[in-house]
There are 2 protein chains.
Amino acid sequence: MIDSSIKEYVLKVYPFSEGELLTVAPYFHKILLNRGTDLLREGALCNSIYLVESGSLRSFYNKEDGSDVNLHFTFEGEYTTSFMAYLNREPSQLTIQAMEDTVVWQLNLRNYPRPKDSNNPFSTYIRRLAIRLLISTEEHYNMLMMNNPVERYQYILSNKPFLLQKVSLGHLASYLGITRETLSRIRNNKY
Amino acid sequence: MIDSSIKEYVLKVYPFSEGELLTVAPYFHKILLNRGTDLLREGALCNSIYLVESGSLRSFYNKEDGSDVNLHFTFEGEYTTSFMAYLNREPSQLTIQAMEDTVVWQLNLRNYPRPKDSNNPFSTYIRRLAIRLLISTEEHYNMLMMNNPVERYQYILSNKPFLLQKVSLGHLASYLGITRETLSRIRNNKY
DNA sequence: GACCTTTTTTGATAAATATCACAGAGTAGC
DNA sequence: GCTACTCTGTGATATTTATCAAAAAAGGTC
């Protein structure tokens, strides 16, 4: 069953009819996560896309020195997965973790037989999701490549100001490819 | 007509039958490029994927200070495009340019009616290509994020040594997110 | 082979950012 | 409201890498 709580987020990606929604419902499973719980762990296989109903997730790589690098944050109404791990069917390099108590819907893509005609609504929905996720990662990386730390912070201010409210400075720093200290100084106009 | 020169590269991605190859042939157009010619220019729309028969291409972003940043190199038997520009149907941020005299095959994806059933061989071929391209960009960016300049050079030595033969130090440097001078010093063990 | 152009190397210096150490704020639990 | 814990801010310093300038090497052309 697709809750009214997430219906809006599903329809925003693909305008399913009421009848189609019923067909698609079995693909969705609700998961409750406590703060700090891993939804996908580095090294695990990834067969799902996740939709956040409430709360928030972060996706990060572990570096050899023990620190982690945030690649992506996912909030209410947004989707995430490790697309590389999913497509290559190889262990995920990414960990996806709840930043607070979070409700997610899992779209388990391999438990169900793939429809023959991939122009059906569900397949198109999944393809659109995949495209959104891949493009947003690529845009983020492009932004990092094209800008210095101060410009990256200004980019967040202009384009994703909600991140400043929702994410700790430490998490935001690695997302921007800099240290906590540097971001703190940028934020307080020390540069 | 699909030349025997590229047939191998097409079949490597999808095992078309001889009959299917005939169906698919009209999607391919041969283009000859002189060294330095732009195949796709920043600001242009992008409706194609390109397959290199011989020669080589580089894909780069122009930075505001006039320098450019190489994102990708494409050699014989490989494919490239600006996937973001193609999917979003927006002007390309990327320029794709011939590094030497180059023969490419253009797969113009919008000049032909989309088959209804996207599980047909050609659609699957295109989807597989898209996935390859997106993943290779993501892997490259991940590599840059996870490694310092010396490690990035060692990564190339271990994983893409042919780049050292085929690409100038200057082009390789921006691909690795560093300056020519730094790459030269790394290569000569000054770090 | 001489000449011109481009690429690579090297040294000196400057700039940016990280690292380290610690103080101060904020927050959660009791 | 106190305590412990985590997060943020600041200064001092170190490190990394860029920048600038110029020489050396390599490649192309006639």
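Chain A and chain B bury about 2,500 Å² between them, and 64% of that is on carbon and sulfur atoms. Buried area here is the accessible area (1.4 Å probe) that two parts lose on being put together, summed over both. Before we go on: this is a predicted model, where local features need pLDDT of at least 70 and side-chain atom pairs count only at pLDDT 80 or more, while totals for chains, interfaces and linings use all residues. Residues are numbered from 1 along each chain as its sequence is written, chains are lettered from A and ligands numbered from 1 in the order in which they are written, and side-chain values use heavy atoms, with hydrogens and water left out.

**Where the chains meet**

Each side puts in its share: 26 residues from chain A and 26 residues from chain B, with contact meaning heavy atoms within 4.5 Å. Across this interface there are four residue pairs in polar contact, both residues at pLDDT 80 or more. A polar contact is a pair of N or O atoms within 3.5 Å; within protein, one must be able to donate a hydrogen and the other to accept it, and residues adjacent in sequence count only if both atoms are side-chain atoms.

On the side of chain A that touches chain B, strand E4 (56-62), helix H3 (83-88) and helix H4 (121-146) each give two or more residues. Helix H4 of chain A gives the most, with 12 residues. (Helices, H or I with at least four residues, and strands, E with at least two, are DSSP runs numbered from the N terminus.)

A:Asn142 sits in that helix H4 of chain A. Is A:Asn142 buried or exposed? It's buried, with a relative accessible area of 4%; buried means under 20%, exposed over 50%, and partly exposed in between (1.4 Å probe, protein chains only). Its side chain joins that of B:Tyr61 in a polar contact of 3.0 Å. Leaving aside neighbours within four places in sequence, A:Asn142 also touches residues including B:Met84, B:Gln93 and B:Tyr141.

**A buried threonine**

Now look at B:Thr102, in strand E8 (residues 102-108) of chain B. B:Thr102 is buried too, at 2% relative accessible area. What does its side chain reach at 3.1 Å? That would be the backbone nitrogen of B:Ser56. The backbone oxygen of B:Glu100 lies 2.7 Å from a polar atom of the B:Thr102 side chain.

**Salt bridges**

Side chains of opposite charge can pair when their charged atoms come close. A salt bridge here is a side-chain nitrogen of Lys or Arg within 4 Å of a carboxyl oxygen of Asp or Glu.

| Pair | N to O distance |
|---|---|
| A:Arg41 and A:Asp38 | 2.9 Å |
| A:Asp68 and A:Arg58 | 3.4 Å |
| B:Arg58 and B:Asp68 | 3.5 Å |

B:Arg58 lies in strand E4 (residues 56-62) of chain B and B:Asp68 in strand E5 (residues 68-75) of chain B, so this pair ties together parts that are 10 residues apart in sequence. B:Arg58 is buried at 6%, while B:Asp68 is partly exposed at 26% relative accessibility. Over in chain A, A:Arg58 counts as buried at 6% and A:Asp68 as partly exposed at 25%. As for the remaining pair in the table, A:Arg41 is exposed at 52% and A:Asp38 is partly exposed at 22%.
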